[in-house]
Amino acid sequence: MDPSLDNLYATSLSPQAIKKGLNTRRLGQQPIYCFPVVESTNSEAKRLARQGAPEGTIVLAESQTKGRGRLKRLWVSPPGKGLYLSVILRPPIPPQLGPRITLTAGVALAEALQDTGLTPKLKWPNDVMLGRRKVGGVLTEASCSENAISFVVVGVGINVNTDLEDFPTSIRNLATSVRLSTGKAISRVGLLQTCLYQLEQWYECLCQGSFATILESWRRHEMTLGRWVEVSLPESSVAGVAEDIDSHGALLVRDKGGRLHRILVGDVVHCRVQDRQGLPAS
Ligand code: BT5
């Protein structure tokens with residue numbers, strides 16, 4: 001790869017560069033905070049949201065020292081190579097429909113990455129995959145009162161121009177980047193603009209109550225349904241066929257005994273595609 005392109009695409013993210021040509025009405029039209037390094041953009045965004053930052057405010061960092069995944073896991077954030085951002089939203093939906101937001105963000109990311117010529121797949125609930133490797137993830141954190149969401153921070157991590165050596169050995173076999181998959185470095189600003197545009201389109205769909213349309217698109221991109229899965233839950237685990245997603249975004253898993261489990265939070269390991277009887281194919 002031409003080293004001058006490397007420099008071009010490694011240049012730092014700035015609010016001016018991002019706003020120039022950004023084709024959104026709300027997301028990114030509010031303040032954009034770009035930090036060289038933070039512990040976690042989600043933590044910064046939550047702090048700003050508590051202070052009243054408007055919907056559409058964005059927090060970005062070139063690197064994170066404690067980038068978070070779900071369940072206190074770490075999101076590896078090598079400097080200057082990926083997108084690590086958090087978007088403040090104030091959705092007019094009841095708290096129990098909050099899980100819909102993660103699926104909505106997943107659809108937006110899949111559509112944005114598709115524009116780079118890739119075929120990303122969504123693994124329930126929050127993984128964006130290229131083949132069997134993870135290229136991105138979503139971490140949604142909400143602050144709710146009894147019957148309303150005060151704010152939601154949608155955190156997005158995407159490995160854009162990341163090289164294999166940038167990942168610690170512990171995830172080298174699990175992770176990939178756009179560059180590793182296409183062989184080409186791409187502009188992080190361009191991809192960010194597309195992500196914000198897609199996120200806004202799908203978020204509007206969510207706010208209008210059209211979750212069925214979002215689910216339809218999620219199904220087009222998904223790689224979980226119809227598979228034998230093992231799901232780790234906070235205190236136990238479930239194994240069975242991932243049958244469907246319900247209208248809240250929960251995963252429905254039917255175990256060997258025929259019992260249907262409704263799972264809102266969990267980690268999925270895909271095992272095998274099913275044979276027609278719904279038993280694991282050998
Ligand atoms: C996620 O969690 O996938 C959500 C990731 C969200 C990260 C963004 S970055 C901006 C914002 N600010 C934050 O602090 N977080 C958000 P989870 O499903 O729990 O996946 C975490 C697991 O993915 C880890 O345990 C690793 O196995 C793997 N992993 C960590 N870093 C990775 C990376 N850069 N690429 C691929 N896989 C990674």
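Reader: What makes Arg179 count as buried or exposed in this model?

Author: This is a predicted model, and in it Arg179 has a relative accessibility of 15%. Buried means under 20%, so Arg179 counts as buried.

Reader: Why is the pair Arg179 and Asp163 called a salt bridge?

Author: The cut-off is a side-chain nitrogen of Lys or Arg within 4 Å of a carboxyl oxygen of Asp or Glu. Here the N to O distance is 3.7 Å, so the pair passes. Arg179 lies in helix 5 (residues 178–182) and Asp163 in the loop between strand 7 (149–159) and helix 5, so the pair ties together parts that are 16 residues apart in sequence.

Reader: Which residues are linked with these two in a network?

Author: Lys81 and Asp166 join Asp163 and Arg179 in a network of salt bridges. The structure holds 17 salt bridges.

Reader: Are Arg68 and Glu141 buried, exposed or in between?

Author: Glu141 has a relative accessible area of 17%, so it is buried. Arg68, at 28%, is partly exposed, because that label covers values between 20% and 50%.

Reader: What about Asp127 and Lys134, what makes them a salt bridge?

Author: Their side chains meet at 2.6 Å, N to O, and 4 Å is the limit. Asp127 counts as buried at 9% relative accessibility, whereas Lys134, at 24%, counts as partly exposed.

Reader: Why is helix 3 described as largely enclosed?

Author: Seven of the 10 residues of helix 3 (residues 41–50) are buried, so the rest of the structure largely encloses that helix. The buried ones are Thr41, Asn42, Glu44, Ala45, Lys46, Leu48 and Ala49. They pack against strand 1 (32–38), strand 2, strand 3, strand 6 and strand 7.

Reader: And which residue caps the N-terminal end of helix 3?

Author: That's Ser40, with a side-chain oxygen 3.1 Å from the backbone nitrogen of Asn42. After helix 3 comes Gly52, whose phi is positive, near 100°.

Reader: How do you know that domain 1 and domain 2 are in contact?

Author: Contact takes heavy atoms within 4.5 Å, and 15 residues of domain 1 are in contact with 15 residues of domain 2. The domain assignment gives domain 1 (3–221) and domain 2 (228–270).

Reader: How much area do domain 1 and domain 2 bury between them?

Author: About 1200 Å², with 57% of it on carbon and sulfur atoms. On the domain 1 side, Pro99, Lys123 and Trp124 lose the most area to domain 2, together 47% of what that side buries.

Reader: How many salt bridges cross the interface of domain 1 and domain 2?

Author: The rule finds three. There are also seven residue pairs in polar contact between domain 1 and domain 2, counting pairs with both residues at pLDDT 80 or more. Helix 4 (99–114) and helix 7 (211–221) each supply at least two residues of the side of domain 1 that touches domain 2, and helix 7 gives the most, with four residues.

Reader: What makes Asp244 and Arg219 a salt bridge?

Author: Their closest N and O atoms are 2.6 Å apart. The limit is 4 Å, so the pair qualifies.

Technical notes: Residues numbered from 1 in each chain as written. Predicted model: local features only at pLDDT ≥ 70, side-chain atom pairs only at ≥ 80, totals over all residues. Heavy atoms only, no water. Buried < 20%, exposed > 50% of the residue type's maximum accessible area, 1.4 Å probe, protein only. Polar contact = N/O pair within 3.5 Å; in protein donor to acceptor, adjacent residues only side chain to side chain. Domains from an automatic or database assignment. Buried area = accessible area lost by both parts, 1.4 Å probe.
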